[in-house]
Amino acid sequence: MSGDHSDRVGAAGSAGATERAGTPERVRIDELLERVRAGYERIGPQEAAAAATDGALLVDIRYAALRERDGLIPGALVVERNELEWRLDPQGSHRAAEAVSHDLRVVVICNEGYASSLAVASLRQLGLHRTTDLIGGFQAWRAAGLPVTRP
């Protein structure tokens, strides 16, 4: 990829094109993450472990190759990202048995804490208002010395 960012320039001629009738505002991924994260409080590894002890559902959205390489968090529900909304919507026809209520406390865990933030935004749109994610993801969990098992 070259240093030319012309592919990111909007029709109005700037990367920060504003919303026009029927056309959503364009934002960079870093800005989107900042906006999403401003809407809820993220938690660290120790807080996530404590939340799980208190009944929160830890949800691991990492893909299989990462789980096989690095291991699993004991007790976490594994739901790959592309199935997440279907499995956690308490009113959905394909929900996981653990998805019992919109009041369920959910901690989403990806590999490093980026994809999980976007997943939180989506789950909150479904009404899962107590959803958050783990700062630093699975890698932060492991670095904190918290339990990890081999798959």
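**The sheet and its cores**

In strand E4, Val108 has Asp133 as its bridge partner. The model is predicted: local features need pLDDT of at least 70, side-chain atom pairs count only at pLDDT 80 or more, and totals for chains, interfaces and linings use all residues. Residues are numbered from 1 along each chain as its sequence is written, and side-chain values use heavy atoms, leaving out hydrogens and water.

**Sheet**

- E3 and E4 pair in the parallel sense over three bridges; strands count as paired if DSSP finds at least two bridges between them.
- Helices (H or I, at least four residues) and strands (E, at least two) are DSSP runs, numbered from the N terminus.
- The open sheet has four strands in the order E2-E1-E3-E4, with parallel pairing.
- Strand E2 (77–78) and strand E4 (131–133) each have a single partner strand and stand at the edges, so one side of each is left without a neighbour in the sheet.

**Nonpolar cores**

- A nonpolar core is a set of buried Ala, Val, Leu, Ile, Met, Phe, Trp, Tyr and Cys residues joined through side-chain atoms within 4.5 Å, where buried means under 20% relative accessible area (1.4 Å probe, protein chains only).
- The largest nonpolar core has 19 residues, and Val59, Ile61, Leu84, Leu88 and Val108 touch the most other members.
- Two or more residues of this core come from each of strand E1 (57–60), helix H4 (84–88), strand E3 (106–109) and helix H5 (115–125).
- H5 gives the largest share, three residues.
- A second, separate core of 14 residues includes Ile43, Leu58, Ile73 and Leu134.

Key. Buried < 20%, exposed > 50% of the residue type's maximum accessible area, 1.4 Å probe, protein only.
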